[in-house]
Amino acid sequence: MSSATHPAPPATDATDLGTTDPDAENPGKTDTTGDEPQTSEAKPPQTSESEPETTESEPTPPGGGWRPRVRRTAGWAASVLAVAGVLAALTLPYQVEFVVPQVFARIPLEAVLAGAVLLVLPHRVRVPVAAALGVVLGVLTVFKVADMGFFSVLGRPFDPVMDVGLLADAYRFVDASYGRPAAVAAAVGAALLTVAVLVLAVLAVLRVARLLAERRRVGGGVVGALAAGWLAFALLGTTVTVYDNGTLTFALPVADRATARLAYDHTLQVSASLHDRHEFAEVAEVDAFRDVPGDELLTALRGKDVLLAFVESYGRDSVTAPEFAPYVADVLDDGTRRLSAQGYGSRSAFLTSSTVGGSSWLAHASTLSGLWVDNQQRYRSLVASDRLTLTRAFGDAGWRVSGFFPGNSRAWPEGSFFGYDQVYDSRNMGYAGDKFTFASIPDQYVLSAFDRFEREATDGPVMAEVALLSSHAPWTPIPQLVNWNTVRDGSVFDRTAMAVGQADRSAEDGLREDYPKAIGYSLSTIISYLESQDDDDLVLVFLGDHQPAPVVTGPGASHDVPITIVTRDQAVLDQIAGWDWPDGLRPDPQAPVWPMDSFRDRFLTAFS
């Protein structure tokens, strides 16, 4: 007997078939069964032997037509992409070096829990809950991407309370290094990417919720299997491992719950950041030098010109890491020999910086204030206080105090807090040469300007804080040393001529190759500057502000930076004999290491 002669099958619950959402089916329909008789007869089901209705439309192609097949294929593709996208977002690591294919072969606990919730919720609740979960997933994904950037550059996660202001600094860095069009494109791209991630996350979770509703049995089985797998892998402690040249780089658990932990950590981070202001204010109230009269400060340096020079990105790795040290160590060791021949003595050690990879002003503030300034909130609190800085102490003791900051291109109100009599920046330093990427003014010109504008123009002793930025990323092109007598207004610094033979790299290997060369230039400039001086009353302290970004040093590098004191006056070096700093421009790996915020008190104690 033909299948067409069989009676119609009995009605089956759509939920059992897993094809429709029972909560959404026939909305608003009223069940009248048993209330009044039916007024119309049900049509018998049409069999295959029945003649089809005749219409004037085009004949239907075999197989139901290509449009329905395309729609079905597109629907399945969208569902697959939605599921894959949600799982990928949940298993996405928050550090760049962890982003390898095998880390996505993990089971996120958040997906298991969210899937179970969406399975049991009725339709009217399920849609808004899915949308809310999508927003949360999108925000956490944005946080993960932000964490990747911050870990790569600053060696720490993104702080939603403290770090929003750094976006403007990032824009200025790109503008100064690569031009305004690149900066605008980067800003617009970042904004569009953020919006796209949020929108796609919501759409993906809504799609997954709909899929679970339409395929309850299959969805329940998948969620159950994932839950069982997560529990089994958690009990077994199974991990996904990545090896680099046979060495274990990291291991992540297959039973993953990192996204939930990320949300928890950032929540705690917000709370800690909000409380940090009060803790910092209490610490800042304690200052052993606040009430010391100016005539009792820095008495052992009377009559000396003192220069405090911060060398950008001059970190411990530049003098100890096998990849960088041979080049930089040669510069320092050769400089020690040359300066010793001219009567200079030097002592070197290490300080632990309050930052890494960037935010140099935090390191400057920590060194000068004697407080640990490791975030923008602390910096703002500091400059709004009456804390005695090292620069202000020199001013109170009778020195003329100035600051040379070639990276600044706008007014800097904080200068009055630090006690500068004069602040020089890119607008008033008189530089007429070419711009060298972010380091718009070469270090040699900055030191020459210090001599011309301050030492030669002032009768009494001068003290200056100087930022040497030629070793600032992206480290190419690098200026070349010229005869000091030819520096003048800086027009001798021709970027095109000096960049001959220097690669314009952006790859990680290029950064690592160019970094020690840039540090070498800055250190060579300092050594050459000292050689050009014939003054027994000059004291130079030079130190790094922070280590370069982790993308250069690799993860796990310390925050230590070298620090050196150089002078011809042996009596000055005798004042710091108790510091146990070894001789020479290159610090011994076993040299003392102090927190950066301890330098102010130690310096004032030694010389006051």
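Me: In which helix is valine 199 found?
Reply: In this predicted model, valine 199 is found in helix H6, residues 180-214.

Me: Why does valine 199 count as partly exposed?
Reply: Its relative accessibility is 43%. Buried means under 20% and exposed means over 50%. Valine 199 lies in between, so it counts as partly exposed.

Me: What makes Val195, Val199, Leu200 and Leu203 a nonpolar patch?
Reply: Patch residues need over 30% relative accessible area, and nonpolar side chains are joined within 5 Å. These four form such a patch on the surface, with about 370 Å² of accessible area together.

Me: Why is H15 called largely enclosed by the rest of the structure?
Reply: Buried means under 20% relative accessible area. In H15, 11 of the 13 residues are buried, so the helix is largely enclosed. Among them are Tyr445, Val446, Leu447 and Phe450.

Me: How does the span of H15 compare with what is expected at 1.5 Å a residue?
Reply: Helix H15, residues 443-455, reaches 17 Å from its first C-alpha to its last. The expected value is 18 Å, and the helix comes close to it.

Me: What makes E8 and E12 the edge strands of the sheet?
Reply: The open sheet has eight strands in the order E8-E7-E9-E5-E10-E11-E6-E12, with mixed pairing. Strands E8 (422-425) and E12 (593-595) each pair on one side only.

Me: How do you know that E10 and E11 pair?
Reply: Pairing needs at least two bridges. Strands E10 (538-544) and E11 (560-567) have five, in the antiparallel sense. Valine 539 stands opposite threonine 567 in E11.

How values were computed:
Residues numbered from 1 in each chain as written. Predicted model: local features only at pLDDT ≥ 70, side-chain atom pairs only at ≥ 80, totals over all residues. Heavy atoms only, no water. Patch = residues over 30% accessible without salt bridge, like charges linked within 9 Å, V, L, I, M, F, W, Y side chains within 5 Å. Areas by Shrake-Rupley, 256 points an atom, 1.4 Å probe, with all protein chains shown as cover. Salt bridge = Lys/Arg side-chain N within 4 Å of Asp/Glu carboxyl O. Helix = DSSP H or I, 4+ residues; strand = E, 2+ residues; numbered from the N terminus. Buried < 20%, exposed > 50% of the residue type's maximum accessible area, 1.4 Å probe, protein only. Expected span 1.5 Å × (residues − 1).
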